[in-house]
Amino acid sequence: MIRKVRKKMLIKSIYKISCKDISIPYTYIDTTNSFKDKKYDLKTNRIIDDKLCEIVKNNGGWENWEIVELEKVVGDEKKLLERLEYYNDVYKNNISEYT
């Protein structure tokens, strides 16, 4: 008996965090299983990302930043990575360049 192996389908959101003030050029791109939960967790400081928190705090707090869902990816890991790479190229994910 031959059994087909199913690829595990995933559903993830790709999101962007950027400053509303265009003179602050930092952008953060990432993925999450639940965009709504991630947005809540970030804004209520339930997620500790020292570099991201420092940048937001030093540049007006969350009132001066927006968190936007760019795309909901349905597919496999390869598709997710391709789309994530695309958005990293488009928006220049550069939060790591912050000094």
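**Close-up views of a predicted model**

**View 1. Leucine 10 in strand β1.** Leucine 10 lies in strand β1. The model is predicted: local features need pLDDT of at least 70, side-chain atom pairs count only at pLDDT 80 or more, and totals for chains, interfaces and linings use all residues. Residues are numbered from 1 along each chain as its sequence is written, and side-chain values use heavy atoms, with hydrogens and water left out. Helices (H or I, at least four residues) and strands (E, at least two) are DSSP runs, numbered from the N terminus. Leucine 10 counts as buried, at 15% relative accessibility. Buried means under 20% relative accessible area, exposed over 50%, and partly exposed in between (1.4 Å probe, protein chains only). Not counting residues up to four places away in sequence, leucine 10 touches Val73, Val74, Gly75, Asp76, Glu77 and Leu80. Contact means heavy atoms within 4.5 Å. Lysine 79 is 69 residues from leucine 10 in sequence, yet their C-alpha atoms are 9.7 Å apart in space.

**View 2. The open sheet.** Three strands form an open sheet in the order β2-β1-β3, with antiparallel pairing. The edges belong to β2 (27–32) and β3 (65–75); each has a single partner strand, so one side of each lacks a neighbour in the sheet. From one strand to the next, the twist averages 20°. Axes are lines fitted to C-alpha atoms, for helices over the stretch in contact; angles run from 0 to 180 degrees between N-to-C directions. Two strands pair if DSSP finds at least two bridges between them. β1 (residues 10–19) and β2 run antiparallel and are joined by 6 bridges. Tyrosine 15 stands opposite aspartate 30 in β2, and isoleucine 17 faces tyrosine 28 in β2.

**View 3. Threonine 27 and strand β2.** Threonine 27 lies in strand β2. Its relative accessibility is 11%, so threonine 27 counts as buried. Leaving aside neighbours within four places in sequence, its contacts include Lys16, Ile17 and Ser18, along with Tyr91 and Ile95. In β2, 5 of the 6 residues are buried, so the strand is largely enclosed by the rest of the structure.

**View 4. Helices α1 and α2.** Helix α1 (residues 35–43) lies across β1, β2 and β3, and runs at about 155° to β3. In α2, the residues Leu52, Ile55 and Val56 are buried. Seen down the axis of α2, its buried residues fall within an arc of 95°, so they line one face of the helix. The arc is that of the directions from the helix axis to the C-beta atoms. β1, β2, α1 and β3 are among the elements that cover these buried residues. Asp50 and Lys57, on the other side of α2, are exposed. Glycine 60 follows α2 and has a positive phi, near 95°.

View 5. The largest nonpolar core has 15 residues, of which Tyr15, Ile17, Leu42, Leu52, Trp62, Trp65 and Ile67 touch the most other members. β1, α1, α2 (50–58) and β3 each give two or more residues to this core. A second, separate core of 7 residues includes Ile14, Ile29, Val73 and Tyr87. A nonpolar core is a set of buried Ala, Val, Leu, Ile, Met, Phe, Trp, Tyr and Cys residues joined through side-chain atoms within 4.5 Å.

**View 6. Confidence along the chain.** The protein chain has a mean pLDDT of 86, and 87% of its residues reach 70 or more. pLDDT is the predictor's confidence in each residue, from 0 to 100. Confidence is highest in β3, at a mean of 95, and lowest in α2, at 85.
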